[in-house]
Amino acid sequence: MPAGLGGGGYLYVAPETTLGTYVPPTDASAVAVPILSESLAYTESKYYSPQIRQQTIVSDVRPSYYHIEGDVRMEVDAQFLPLFLRASRHTITGAAGAYTFVPSQAGSASTASGALTPKTVSITVVRDGIGFGYAGCVMGTTEFTIDNGILICSFGVLGCSETTPGGLGTPVWVDPILFGADSHSVYVDASGTAPAFAGGPSLDFNGFTANLNYNATAQNRIRADRSASYISFGETEATYNTELDFVDKAEYDNFKAASTRAVRLESLRGGSTFAGATSAFQLTFNRSAYDTYTVGLGGMADLIMATVTGRALGIAGAAPYTIKIKGGPTLA
Amino acid sequence: MALTVSIEHDNFPKDHPIDVGGILVPNYGSTELTDEQEQLFVATHGKSVKDVFKDTTNIKVEGKATVSGSDMSELVPETVSDTNTPTVVDDTSEPDPGGEKE
């Protein structure tokens, strides 16, 4: 069989009803998701026996515990994003395609019945007509970035086990609804439980990348199965980095004083406000502090830019950050 | 009646156009295939429409196919053997120990 191109492959996501029990792409709940790339892999550190037996090379190999690990990169499309965010460390509210995700304190990934409860997902990847099924998957990290004007997300996936799918499904596709260069705005305001961002969008941001890291770890346990038993979560680290036109020292002084700020990235289609948009993505750090702020004279012909990183902080009476989606699927 | 393809996909709203193997079908609706659509489908997928979707629970195919078995063999490309495979020569002869030829 000749080698195939990546473009001929496809990826399915299906919510699990039991954690770690694989749901094939032939299931009615499975959705084919258009992606840019994936690198999901069976990850194992085999045991090599270092026996001392008059030789300086390992003597044997035994399979060891394994889990699934890799990235899935895709353009942000509200038609599909909630399927992945529901499999991360969030509490979900909303209905009918409009959802709000706030970070939860779950110690490990879980699957429970109900449309708005977190669920692990089964991911099926078909590479050159050959299926790879991954069960018990969660998004251990999520990164949102504006790349060439397009809002892109990358998920760091951790999963429990791999299987060979019986059927590969027949993927169906819809027209993409992407957030392009004219869709985005970044806002900065004083931190608060519900920042108003009344001053309008900031015009100084050159790029924006937000990273949500739940420090997820695959947990293997002693049992007659080498696959991971579940995925645990650790500290939630929500950060962002960007580059700003350096026009005054206001934000620099906020950095030195560790003043907290609210920051919002908003991407809209079909309307100029979140309320009026038909498809929308909004990530708000309700309270954050600048972690680094670097500005210098790079060169004779270089713009003076400040390279900035920030970190979300907890806030009394509200979530440290929220993700809002409009135009999503009706989760079931 | 020609083949009709219908789909019920919970991830998308009712009547949302969905590309089902190259055929545009409204969600929770159906599309009747023309002869040309069916032939193109078979040529693309290498199987009949019913065969491709037989294991898919939310896609139904009803009606009578217009592409027959003999038509299918004309539409589906055969696997062609590679005629450019180099021939391996088993050269076990000793090299000529002689010097330069005059």
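Start by selecting chain B and colouring it by secondary structure, which comes to three helices and five strands, where helices (H or I, at least four residues) and strands (E, at least two) are DSSP runs numbered from the N terminus. If you follow chain B from the N terminus on, the elements run β-β-β-β-α-α-β-α. Before going further, keep in mind that this is a predicted model, in which local features need pLDDT of at least 70 and side-chain atom pairs count only at pLDDT 80 or more, while totals for chains, interfaces and linings use all residues. Residues are numbered from 1 along each chain as its sequence is written, chains are lettered from A and ligands numbered from 1 in the order in which they are written, and side-chain values use heavy atoms, with hydrogens and water left out.

Next, select strands β4, β1 and β5 of chain B, which form an open sheet in the order β4-β1-β5 with antiparallel pairing; two strands pair if DSSP finds at least two bridges between them. Because β4 (29–32) and β5 (59–62) of chain B stand at the edges with a single partner strand each, one side of each is left without a neighbour in the sheet. Zoom in on strand β1 (residues 4–7) of chain B, which four bridges join to the antiparallel β4(B), and you will find B:T4 opposite B:E32 in β4(B).

Now move to helix α1 (residues 35–45) of chain B and select B:E38, which has its place there. In chain B as a whole, buried residues make up 29% of the 102 residues.

Finally, turn to chain A and select A:S154, which lies in strand β12 (residues 150–159). A:S154 is buried, with a relative accessible area of 18%, and, apart from neighbours within four places in sequence, A:S154 is in contact with A:V72, A:R73, A:T141, A:T142 and A:E143.

Definitions and conventions: Buried < 20%, exposed > 50% of the residue type's maximum accessible area, 1.4 Å probe, protein only. Contact = heavy atoms within 4.5 Å.
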